[in-house]
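Subject: A structure for you to explore

Hi,

Here is the structure I promised to pass on, with some notes on what turned up in it. Have a look at it first, then read on.

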Amino acid sequence: MIKTLDYFGAISDISQSGFFISAKLKIIIPDRLEFDLARTTSKNITINPPDFLNAILKGSDLYIHFSSFSSEAESVLIKIIHRYLEKYDLMYLREAIISIVKELIANAVKANLKRLFFKMKGLDINKPEEYRRGMESFKEEIFEEDNEYFDKLEQSNLAVRVLFKSAHDRLRISIVNNVVILESELVKINSRVKKAYKYSDIAEAFDDVLDDSEGAGLGLIMAMMLFKNSGFPADSFRIYKKDDLTVSSISIFHDMREVESKIKITGEIMKEVDEIPAFPKNIIMIQRLCSNPESTMKVIADHISLDPGLTTSILKLSNSAGYVTMKRIESIEDAAKVIGIKGINTLLMATGVHKVIDSRYKRFEQIWENSYKRAYYSQKISIETKRNRFSESAYLSALLSDIGTIVILSINHDLMLKLREVAGRKGIEDPNLLEEISLGISHSTIGGMICSKWKFNESLIKAVEFHHRPHMSPEKFRDLIYIVYLADCFTEIEKSRFRFDFIDEDVLKHFNLTEKKSFDYLHNMLKEGYSNQMKIQMEK
């Protein structure tokens with residue numbers, strides 16, 4: 001049975017006045033969906049049906065449609081993918097699918113821009129010599145500031161549609177744009193896809209000479225490597241042309257929850273984790289005293305005081321901007337009174353970790369320093385949201401959350417810097433994704449392994465392991481993981497590497513922060529509090 005959807009958009013010709021004239025087309029593509037193509041000039045995105053949450057619940061087809069991939073379109077896309085994967089219990093694929101679909105959308109929009117560019121230049125894209133001439137200036141002109149091409153794209157009939165179709169055993173996501181792909185482009189893209197499934201890591205892709213101007217370069221290879229590493233067979237992805245449409249589609253099988261990601265932990269990383277020094281014995285001994293209900297505050301303070309270096313480290317940390325206290329702490333006895341045994345135990349663990357980093361990874365200490373703000377935010381969030389019982393564990397979890405990054409940087413510093421650069425350029429929100437593509441493991445997973453080696457408690461291990469993926473967090477530790485994740489979001493927003501639209505919806509609901517006004521209020525409170533702490537510290 002053929003379903004009919006109103007598909008807005010058509011191949012257009014430029015009239016003498018410079019405006020676009022649409023042609024009425026009727027096209028059937030192999031998945032048996034029929035499209036009625038007509039003109040639209042709306043700058044807003046189209047969602048059909050408008051109540052997409054209900055459509056997902058009922059298993060109905062739906063689509064979003066746009067000319068340019070705006071932040072609004074991106075936000076809706078993320079929500080739709082989130083709900084589908086939630087429905088099929090495939091949330092562990094969320095970041096991977098979002099990144100893959102966004103890369104395919106970027107390529108589709110770029111293809112439309114290319115057709116528009118060639119028409120406005122009076123060049124025939126199908127003639128090799130004119131194609132070569134056009135491509136010499138395409139990338140430079142399209143992405144320079146204040147160019148007219150994106151405005152013209154909004155006025156044209158060139159558009160992209162993202163279709164979601166549920167079948168009995170799979171979800172198919174198709175990215176359709178209403179210009180036909182050139183045969184030479186299709187050959188090049190299929191070549192990239194095949195290469196991606198052969199690469200062992202992304203470093204091999206960096207070594208290749210990739211032509212990103214075609215929209216089929218490094219970004220597509222990264223997407224396909226991520227696709228492969230998430231357990232998808234090669235035939236789950238297709239790109240093809242049908243009449244005057246270009247279609248990229250991915251199939252996500254409902255039974256994929258049994259498929260494990262094809263993780264390959266490199267020998268170098270495992271060797272580095274194995275060689276990380278054991279946790280300092282003197283700190284372990286004092287921690288045992290802290291956990292002994294018969295230990296008095298005086299006994300614990302006396303044991304700490306026997307180690308002048310440890311005493312200095314704890315006092316320095318307790319008075320730092322990253323740790324929330326109501327007054328300055330002058331001695332271990334003061335610390336015992338002000339923050340109690342639980343607080344002292346937290347500072348002991350933080351001090352022990354810092355000692356290990358200082359002894360083995362001194363040149364990456366800046367990463368540790370950057371964690372103090374995240375730790376302060378985590379502790380403050382737990383207090384402000386009336387989850388005080390998590391304040392100490394939230395502080396410590398956030399402080400340790402990037403310890404895996406230090407290990408990765410120590411092994412291949414140049415590669416990781418390159419990955420971060422590519423992540424920023426490609427708009428990939430989750431840094432774990434590129435690490436997994438390149439290394440087969442993420443910094444958060446490595447961090448969890450290190451915490452396990454040091455025999456930290458399970459809540460701390462899970463908070464470090466899942467702080468970038470709250471949707472996968474074990475329910476038992478969800479409160480703590482959500483706190484650390486939210487603190488990390490705030491710090492990443494301050495670096496312009498994240499934004500409100502990207503934040504996990506369930507986390508926002510958990511803290512009653514679905515309104516951006518409420519979210520910004522809490523963020524500003526945290527920023528002001530940390531700034532005041534920094535001023536106080538400088539005055540000490």
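A word on labels before we start: helices (at least four residues) and strands (at least two) are DSSP runs, numbered from the N terminus. Please keep in mind that this is a predicted model.

**The chain as a whole**

The protein chain has 24 helices and eleven strands. Of its 540 residues, 55% are buried. If you take the contacts between residues at least 6 apart in sequence, 69% of them join residues at least 24 apart.

Is H22 largely enclosed or largely open? It is largely enclosed by the rest of the structure, because 14 of its 17 residues are buried. After H22 comes Ser-496, with a positive phi near 60°.

In soluble globular proteins, nonpolar side chains tend to be buried together. Here the largest nonpolar core holds 141 residues, and Ile-97, Phe-164, Ile-173, Ile-250 and Phe-456 have the most contacts inside it. Helix H3 supplies the largest share of this core, 13 residues. Another core, of six residues, lies apart from it, and Tyr-63, Leu-163, Tyr-240 and Val-247 are among its members.

To see how parts of the chain meet, click on Ile-173: leaving aside residues up to four places away in sequence, its contacts include Ile-97, Phe-164 and Ile-250.

You will find it in helix H2 (residues 71–87), and it counts as buried because its relative accessibility is 0%. Beyond residues up to four places away in sequence, Ile-80 touches Phe-52, Ile-56, Leu-62, Ile-64 and Phe-164. Leu-53 is 27 residues from Ile-80 in sequence, yet their C-alpha atoms are 7.5 Å apart.

Leu-347, in helix H14 (residues 340–360), also has 0% relative accessibility and so counts as buried. Its C-alpha atom is 8.8 Å from that of Ser-313, which is 34 residues away along the chain.

**Empty space inside**

Rolling a probe the size of a water molecule over the atoms shows where empty space is left. H3 gives the most, with seven residues. Sorted by class, the lining has ten nonpolar, five polar and five charged residues.

**Backbone details in the loops**

- Pro-49 sits between strand E6 (46–48) and helix H1 (52–58), and the peptide bond to it from Asn-48 is cis, with omega near -5°.
- Asp-243 lies between strand E10 (237–242) and E11. Its phi is positive, near 55°, although Asp-243 is not a glycine. Asp-243 counts as partly exposed because its relative accessibility is 48%.
- Lys-455 lies between helix H20 (443–453) and helix H21 (458–465). Lys-455 too is not a glycine, and has a positive phi of about 60°. With a relative accessible area of 72%, Lys-455 is exposed.

Enjoy exploring, and write back with any questions!

Best wishes

How values were computed: Residues are numbered from 1 along each chain as its sequence is written. This is a predicted model: local features need pLDDT of at least 70, side-chain atom pairs count only at pLDDT 80 or more; totals for chains, interfaces and linings use all residues. Side-chain values use heavy atoms; hydrogens and water are left out. Buried means under 20% relative accessible area, exposed over 50%, partly exposed in between (1.4 Å probe, protein chains only). Ala, Val, Leu, Ile, Met, Phe, Trp, Tyr, Cys and Pro count as nonpolar, Asp, Glu, Lys and Arg as charged, and the others, Gly among them, as polar. A nonpolar core is a set of buried Ala, Val, Leu, Ile, Met, Phe, Trp, Tyr and Cys residues joined through side-chain atoms within 4.5 Å. Contact means heavy atoms within 4.5 Å.
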